[in-house]
Amino acid sequence: MKYLISLDTLHINVRYPRVDVFDRWYRDVRGVDARKLSIGIPSGKFVIRGGSSGYKVSVWSHDIRAYLTDDVDEMRGEGMGMGIWVQMGPKFIIDNPIDCKLKESVGLFLRDIGVKKDWEIRVTRLDIAIDLFGELITDQSVEQFQKGWVGRSKVSSTFFNKRSGELETINIGSRSSAVYLRIYDKVAQAISEGDFAYWWDVWEGYLGSVTRVEWEVKPNKGGFEDIEDFGQLCGLRIVELLNYLINWGRLCVPDIRDSNNRRWKLSNFWAKVTETAKEWGEGITWPTSRKGKEFKGISEGYIRGVAGTISGAMARLNPEKPNLYHMLSKLEEHGMGLEKIQKDAEWKAEIYSRL
């Protein structure tokens, strides 16, 4: 089966602390009508446009753009600023492959807009897309996705063509969550956005149907430490992430005889997605890890267990009037007061912090 797998979108945050870059570009558009700014004001080899998400202005070069603000450390205090938000679209990423010259090209762009020296850069979002050639989204059933999708997230919305009434998009999960999945007709989207000619060239002249499976990932929110550092981002990390994503949720064939949906058979469509990812990975089968920066093995079950132990002790040590104060008093009587508990906790913390 013919396919294309790509890093489609990449957002990074440059921890730039100074206001000089913002001042440089904002002075050219200060007082400009918002409608003109939405279209863009040419400035050298760049175009200055409006901002977004708290950033006041943006500087564009094709489909890479930097969002700028004066809410930086220099004005707000160390660690309180928003830095510079850079967004890269598919054209920039395709022209600058991740293991070839992506970081170098981003560095050149930053220097061109006035960023001096190197600063910490964190990945805030990246989109991985699988384009399946010859696959029709209209062959998919919304009902099957609603009943057969196995994973924490569920179908959140669907969209149909206004004229034909045919299915065009299935969204799974929330856009504000760590992982958000979109499955849609890429040809229809490319035509509506006016860049079908570009994708036709990328697809090497292919003119048939293309269904895109696209995951939007926010590394910090999801605990994906391996892909949060832009300096360490590479093709291997993308393969590992994709290995995780194809199992983050999957489309299965419901089996009424088996209440455990984890044993359900993959649908033909998701089997193609999985096989494509494995082929592209060329033997890299392990997924990226997903854990917090300071993983302590704390699960929901553990929290419930702690709460149950405390409530049980409160009830046993003072059945007439169970409360936290009386429980601590009884523990003190038995030589297990707060001072003793604190010392034990500090000793255990020394151990846990090294494991």
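## Ground rules

The model is predicted, so local features need pLDDT of at least 70 and side-chain atom pairs count only at pLDDT 80 or more, while totals for chains, interfaces and linings use all residues. Residues are numbered from 1 along each chain as its sequence is written, and side-chain values use heavy atoms, with hydrogens and water left out.

## Salt bridges

Let's start with the charges. A salt bridge here is a side-chain nitrogen of Lys or Arg within 4 Å of a carboxyl oxygen of Asp or Glu. That rule gives 25 salt bridges. One of them joins Arg-212 to Asp-8, with the closest N and O atoms 2.9 Å apart. The partners come from distant parts of the chain, 204 residues apart: Arg-212 sits in strand β12 (residues 210-217) and Asp-8 in strand β1 (residues 3-14). Strands (E, at least two residues) and helices (H or I, at least four) are DSSP runs, numbered from the N terminus. Both Arg-212 and Asp-8 are buried (under 20% relative accessible area; exposed is over 50%, and partly exposed is in between, with a 1.4 Å probe and protein chains only).

Arg-182 and Glu-214 make another bridge, at 3.3 Å from N to O. This pair also links distant parts of the chain, with Arg-182 in strand β11 (residues 179-185) and Glu-214 in strand β12, 32 residues apart. Arg-182 counts as buried because its relative accessible area is 17%, and Glu-214 is buried at 6%.

## Helix α6

Lys-147 is exposed because its relative accessible area is 53%, whereas Glu-143, at 47%, counts as partly exposed.

Gly-148 is also found in helix α6, which covers residues 142-148. Is Gly-148 buried or exposed? Gly-148 is buried, since its relative accessible area is 0%. From Gly-148 to Lys-343, 195 residues apart along the chain, the C-alpha atoms are separated by 51 Å.

## Pocket and cavity

Both kinds of space are found on a 1 Å grid over the protein atoms alone: a cavity is a set of points where a 1.4 Å probe fits but cannot get out, a pocket is an open set with protein on both sides within 12 Å along at least five of seven lines, and lining residues have an atom within 4 Å of a point. Grid points are joined across faces, edges and corners, and a volume is the space filled by probe spheres set on the points.

The largest pocket holds about 420 Å³ of space. Its lining has 15 residues, and Gly-151, Arg-152, Tyr-244, Trp-248 and Arg-290 lie nearest the centre. Two or more lining residues come from each of β8 (149-151) and α10 (235-248), with α10 giving the largest share, 3 residues. The pocket lining splits into 5 nonpolar, 5 polar and 5 charged residues. In this scheme Ala, Val, Leu, Ile, Met, Phe, Trp, Tyr, Cys and Pro count as nonpolar, Asp, Glu, Lys and Arg as charged, and the others, Gly among them, as polar.

There is 1 cavity of 30 Å³ or more, and the largest cavity has a volume of about 40 Å³. Its lining includes Tyr-16, Arg-18, Phe-22, Leu-68 and Ile-84. That lining divides into 7 nonpolar, 2 polar and 1 charged.

## A nonpolar patch

On the surface, Tyr-302, Ile-303, Val-306, Ile-310 and Leu-324 form a nonpolar patch with about 450 Å² of accessible area together. Patches are made of residues with over 30% relative accessible area and no salt bridge, joining like charges within 9 Å and nonpolar side chains (Val, Leu, Ile, Met, Phe, Trp, Tyr) within 5 Å. Accessible areas come from the Shrake-Rupley method with a 1.4 Å probe, and for residues only the protein chains shown count as cover.

Helix α12 (residues 300-317) gives the largest share of the patch, 4 residues. Ile-303 has its place in helix α12 and counts as partly exposed because its relative accessibility is 49%.

## Positive phi

Most residues other than glycine have a negative phi. His-62, though not a glycine, has a positive phi of about 60 degrees. His-62 lies in the loop between β4 (55-61) and β5 (64-68), and is exposed, with a relative accessible area of 76%.

Lys-117 is another non-glycine with a positive phi, here about 70 degrees. Its loop runs between α5 (102-113) and β7 (121-133), and Lys-117 counts as exposed at 60% relative accessibility.
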